[in-house]
Amino acid sequence: MKELAGKNILLGITGGVAAYKSAVLCRDLMRRGAEVRVVMTEAATHFITPLTLQALSGHPVHSELFAAEAGHGMDHIELARWADRLLIAPASAQTIAKLAHGEADNLLTTIVLASDAPLLIAPAMNNVMWEDAAMQGNVDLLLARGVTMLGPASGDQACGEDGLGRMLEPLEIIEHLQLQLQPGLLAGKNILITAGPTWEAIDPVRGLSNRSSGKMGYALAGAIYDAGASVRLISGPVHLRSPHGVDCINITSAQEMADTVMANVSICDIFVAVAAVADYRPANCVKQKIKKNAETLSLELVRNPDILAMVAALENAPFTVGFAVETENIIEYATQKLTTKRIDLIAANPVSGDNSAFDSESNELTLIDRNGISHLSRCSKTLLAQKLTKEIAHRYHETHPAKDS
Ligand code: C5P
């Protein structure tokens, strides 16, 4: 199937070892029907030859801003107008910095400024460079402008280190692109989503919480927004920035999350509960720090409200999606949750050994609804979020055909 037929993709390649993967990326984009034009920075030509990309794309590779032959081919303005999407893979630290600050000192960065096509960037660099504060500041600037960051992934690096900074694999990049090019799956819909852990105070400095990083919920909020929906995210305490376009309300405890959800639920079409809500809270939060005078200390805990079950039990309940994190018997427990909480779809993920979903960049999900079981295999949480969005949208539209007319 030619999923990208009729789409014009401008593939920007910058200087980095991962540039060798751009040849495969170019070929796979074309296999899916995309028209590809390649723009390389001068540094990129040290890693892979323009001739390779010319042979694969079937068109001359562009790399000079002031090329004498530009008038006979496409100049930067024409290329900028031609593109449906600008995809830079790999994107070096240097190019990311230039893009963040609007510099236009080579053909690629000039095209980006001259184009209003959405920009997708697949960074590739050493993990320490990626985590540098200046680099992250540049990434923040780009994200705030709505640029899509694809990865980077974590793993072995060409420099011999292991960490965050690998370019995503070509197929993952293409999946992102495909999912982005079929927007409108949830156009006009209101989605309420919970994410992150909750914090249940014991005293002013201590509390009960759990290991949720919020990454899956935040990625899902971003993907649902990209699918055309209005998204309100009710988030527990996390170290993540709110996804572009998403309206984020920060709360701390399960009770606050429950109150905020109930105050917002009436306008939503779909409710997605990704938050790892604490099941219990201390019966009393003492006002002063508890001193360690006694040898033992007992805490009395009381049940927190089950937000998802409360929403699903509403008279005009929205389409409800829950998550189930289990260490064993995943399918059995998740299926039980589907029926006891009376929800429409449950996404189950394993937490055991190396495959733990907690604080990880990747995850896998087993989807269970009343029609059966399907599986979304392990990939980055961003990509998984896009796949899950598609699944949610299809099920929502199946069960709400009348409302869409
Ligand atoms: O029952 P369990 O906590 O395993 O169910 C998990 C699902 O229920 C998740 O979707 C979670 O966000 C939601 N949940 C909730 N409120 C609670 C506990 C769980 O919304 N108090």
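1. Contact here means heavy atoms within 4.5 Å. The model is a predicted one. With that meaning of contact, helix 9 and helix 13 can be taken as the opening topic. From helix 9, the residues that meet helix 13 are Lys215, Met216, Ala219, Leu220, Ala223 and Ile224. On the side of helix 13, the partners are Lys381, Thr382, Leu384, Ala385, Gln386, Leu388 and Thr389. Sorted by class, this contact has eight nonpolar, three polar and two charged residues.

2. The geometry of this pair is as follows. Helix 9 covers residues 215–226 and helix 13 covers residues 381–399; their axes come within 8 Å and cross at roughly 55 degrees. Helix 9 is therefore oblique to helix 13. The crossing of helix 9 past helix 13 is right-handed.

3. Pro243 sits in a loop, with strand 11 (230–235) on one side and strand 12 (247–250) on the other. Is Pro243 buried or exposed? Its relative accessible area is 14%, and buried means under 20%, so Pro243 is buried. Setting aside neighbours within four places in sequence, Pro243 is in contact with Tyr218, Ala221, Gly222 and Leu233. Tyr225 is 18 residues from Pro243 in sequence, and the C-alpha atoms of the two are 8.7 Å apart in space.

4. Asn304 is also a loop residue, placed between strand 15 (301–303) and helix 11 (307–312). Its relative accessibility is 6%, so Asn304 counts as buried. Which backbone atom does the side chain of Asn304 reach at 2.8 Å? That atom is the backbone oxygen of Ala278.

5. Ser374 belongs to strand 19, which spans residues 372–380. Why does Ser374 count as partly exposed? The partly exposed class lies between under 20% for buried and over 50% for exposed, and Ser374 has 28% relative accessibility, so it falls in that class. Apart from neighbours within four places in sequence, Ser374 is in contact with Leu365, Thr366, Leu367 and Arg395. Ile331 is 43 residues from Ser374 along the chain, and their C-alpha atoms are separated by 11 Å.

How values were computed
Residues are numbered from 1 along each chain as its sequence is written. This is a predicted model: local features need pLDDT of at least 70, side-chain atom pairs count only at pLDDT 80 or more; totals for chains, interfaces and linings use all residues. Side-chain values use heavy atoms; hydrogens and water are left out. Helices (H or I, at least four residues) and strands (E, at least two) are DSSP runs, numbered from the N terminus. Buried means under 20% relative accessible area, exposed over 50%, partly exposed in between (1.4 Å probe, protein chains only). A polar contact is a pair of N or O atoms within 3.5 Å; within protein, one must be able to donate a hydrogen and the other to accept it, and residues adjacent in sequence count only if both atoms are side-chain atoms. Axes are lines fitted to C-alpha atoms, for helices over the stretch in contact, and angles run from 0 to 180 degrees between N-to-C directions. Angles under 35 degrees count as roughly parallel, over 145 as roughly antiparallel, 65 to 115 as roughly perpendicular and the rest as oblique. A crossing is left-handed if the near helix is turned anticlockwise from the far one by less than a right angle, and right-handed if clockwise. Ala, Val, Leu, Ile, Met, Phe, Trp, Tyr, Cys and Pro count as nonpolar, Asp, Glu, Lys and Arg as charged, and the others, Gly among them, as polar.
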